[in-house]
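Hello,

Here is the structure for your files.

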Amino acid sequence: MKTYLVTGGAGFIGTNFIKYILNNKDEIQLINLDNITYAGNINNLIGVDHNKYKLIKGDICDIKLVEKLFKEYNFDSVVHFAAETHVDRSIDTPAEFIRSNIVGVFNLLEVFKEFTKKNKKAKLIHISTDEVYGDVLKGRSNETDPYKPSSPYAASKASSDHLVYSYVRTFKINAVITNCSNNYGPHQHQEKLIPMTIKNIKEKKQIPIYGKGDSVRDWIFVLDHINAIDIIFHNGQYGETYNIGANNELENINLVEEICKLIDKKTGTSNSKDLISFVTDRPGHDMRYAIDSNKIMSQLNWRPKYSMQKGLELTIDWYLQSL
């Protein structure tokens, strides 16, 4: 049986990854190292097969704990999700982002580097974001574009990407970096735009939208992202970076209006869009993100399976039942 370390597995994308692996892969044990901060929810994983899964509450910044886990479980591979991710929080309290997203990754790389001296086949998948590229006013970001992060969050993720690549180049570790566009789907924290919108509509509260609502984001349903990670894990080349996106560009206002329309249709309500309220834009707000996924599509034959319409329907249904 192979054993994977999954960091941040009680968070949004990590939760979906663990459920996907346990439902689709045999002879695999998952060890979930998660600090269970506000963004992690152990209830996300109620009902999973505990013969194949174990949660360990702990911090990747605790290098002694990370070393202990590698010695105890002799991991075949690591999938690293653990990160502080919310841009607004990074503006208010950047120190925690530096600690988790840079120092934590450094600790993980140091332990992994020593571990792979004897376990040369072990691999590490580092999950990152399209926000490292900053504003993309024209065209799409590809893997060779320079990093121009705008927020402390994006800068911390850019730093972690550079650290991973430096350990590949200098120490020859078997690692891959993925940069994905905006995810949405079940289990996402309610501070994010889509679940916040659904929650506020259900509770008849105002839906705050920054500025004029004309910022553009490139959206991908979380299960498409998970499928891409799985393909990269098995077929991706070490030292490579792969961009992951589904080419679903929407202005924030158009996305929120579509959610309002779908919820009105599902619940028999009307005029949910009257709850929309425009608020002062946040500092350094990027105007547009857009990911070029040609590399993963051409080299690894990955394609997104969920249209934006289908993904939103599934997401709204899940939150209406869960909130």
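Below are notes on the cavities and on one serine.

This is a predicted model: local features need pLDDT of at least 70, side-chain atom pairs count only at pLDDT 80 or more, and totals for chains, interfaces and linings use all residues. Numbering runs from 1 along each chain as its sequence is written, and side-chain values use heavy atoms, without hydrogens or water.

**Cavities**

A cavity is a set of points on a 1 Å grid over the protein atoms alone where a 1.4 Å probe fits but cannot get out; lining residues have an atom within 4 Å of a point. Volume is the space filled by probe spheres set on the points, which are joined across faces, edges and corners.

The largest cavity has about 60 Å³. Its lining includes E131, R282, H285 and D286. By class, that lining holds four nonpolar, four polar and three charged residues (Ala, Val, Leu, Ile, Met, Phe, Trp, Tyr, Cys and Pro are nonpolar; Asp, Glu, Lys and Arg charged; the others, Gly among them, polar).

The second largest cavity holds about 40 Å³. Y4, F17, I21, K25, I28, D230, F233 and H234 line it. Two or more lining residues each come from α1 (12-24) and α7 (222-235) (helices are DSSP runs of H or I, at least four residues; strands are runs of E, at least two; both numbered from the N terminus). The largest share, three residues, is from α7.

**S128**

S128 sits in strand β5 (residues 123-129). Its side chain makes a polar contact of 3.3 Å with that of N179 (N or O atoms within 3.5 Å, one able to donate a hydrogen and the other to accept it; residues adjacent in sequence count only if both atoms are side-chain atoms).

Best wishes

Terms used: On a 1 Å grid over the protein atoms alone, a cavity is a set of points where a 1.4 Å probe fits but cannot get out, and a pocket is an open set with protein on both sides within 12 Å along at least five of seven lines; lining residues have an atom within 4 Å of a point.
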